[in-house]
Amino acid sequence: AFLARSVAEAAAEAVANGGRFSLGLSGGSLVPLLGRELPGALSALGGADPSRWIVAFCDERLVPPEHPDSTFGAYRVSGGGGAASRCFPVRPSLSQFIPVHP
């Protein structure tokens, strides 16, 4: 609940100052946590208008959004706490990724 409340508070502050709220998200256990807790935190606080958000993904995989390993797809399915409509998926092309070779 602390993370969702912190996100909602930061979003409300950014929106109140006339701006947009930018958020970088990773996948994994964060997806169900925010999907479950962020809607309530946004409702309780108010002023954190998700239409003013820009959401980017920090660890997206090189897969289409429909693939089970897609972080964008996971947030879209979970509802993303109301901000899913402002999420921008990466296009699965190598030009958007930096290859890492171990």
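Helix axes here are lines fitted to C-alpha atoms over the stretch in contact, and angles run from 0 to 180 degrees between N-to-C directions. With that in hand, the helix packing can be read off directly. The model is predicted.

Start with the overall layout. The protein has three helices and two strands. Along the sequence they follow the pattern α-β-α-β-α. The chain holds 102 residues, and 33% of them count as buried. The accessible surface is about 6,100 Å². Carbon and sulfur atoms account for 60% of that surface. Contacts also reach across the sequence. Take those between residues at least 6 apart: 72% of them join residues at least 24 apart.

Now turn to the helix pairs. Two packed helices are described by the angle between their axes and the distance between the axes. Helix 1 covers residues 2-16, and helix 2 covers residues 30-45. Their axes lie 8 Å apart, at an angle of about 50 degrees. Angles under 35 degrees count as roughly parallel, and 65 to 115 as roughly perpendicular. Helix 1 and helix 2 are therefore oblique to each other. Their crossing is right-handed.

Which residues make this contact? Helix 1 supplies Leu3, Ala4, Arg5, Val7, Ala8, Glu9 and Ala12. Helix 2 answers with Leu30, Leu33, Leu34, Glu37, Leu38, Ala41, Leu42 and Leu45. By class, the contact between helix 1 and helix 2 has twelve nonpolar residues, three charged residues and no polar ones.

Is Glu9 buried, partly exposed or exposed? Its relative accessible area is 43%, so Glu9 is partly exposed. Between Glu9 and Ala41 there are 8.6 Å in space, C-alpha to C-alpha. In sequence, Glu9 and Ala41 are 32 residues apart.

Helix 2 also packs against helix 3. Helix 3 spans residues 71-78. The axes of helix 2 and helix 3 come within 9 Å and cross at roughly 25 degrees. That angle makes helix 2 roughly parallel to helix 3. The crossing of helix 2 and helix 3 is right-handed. From helix 2, the contact uses Leu30, Val31, Leu34 and Gly35. From helix 3, it uses Ala74, Tyr75 and Ser78. These residues divide into five nonpolar, two polar and no charged.

Next, look at Thr71, a residue of helix 3. Is Thr71 buried or exposed? Residues under 20% relative accessible area count as buried. Thr71 has 2%, so it is buried. What does Thr71 touch, leaving aside its neighbours within four places in sequence? Its contacts are Ser26, Gly27, Phe57, Asp59, Glu60 and Arg61.

Glu60 has a relative accessibility of 12%, so it counts as buried. Compare Glu9, which is partly exposed at 43%. Glu60 and Leu25 are 35 residues apart along the chain.

Key. Residues numbered from 1 in each chain as written. Predicted model: local features only at pLDDT ≥ 70, side-chain atom pairs only at ≥ 80, totals over all residues. Heavy atoms only, no water. Helix = DSSP H or I, 4+ residues; strand = E, 2+ residues; numbered from the N terminus. Buried < 20%, exposed > 50% of the residue type's maximum accessible area, 1.4 Å probe, protein only. Contact = heavy atoms within 4.5 Å. Areas by Shrake-Rupley, 256 points an atom, 1.4 Å probe, with all protein chains shown as cover. Parallel < 35°, antiparallel > 145°, perpendicular 65-115°, else oblique. Left-handed = near helix turned anticlockwise from the far one by under 90°. Nonpolar A, V, L, I, M, F, W, Y, C, P; charged D, E, K, R; others polar.
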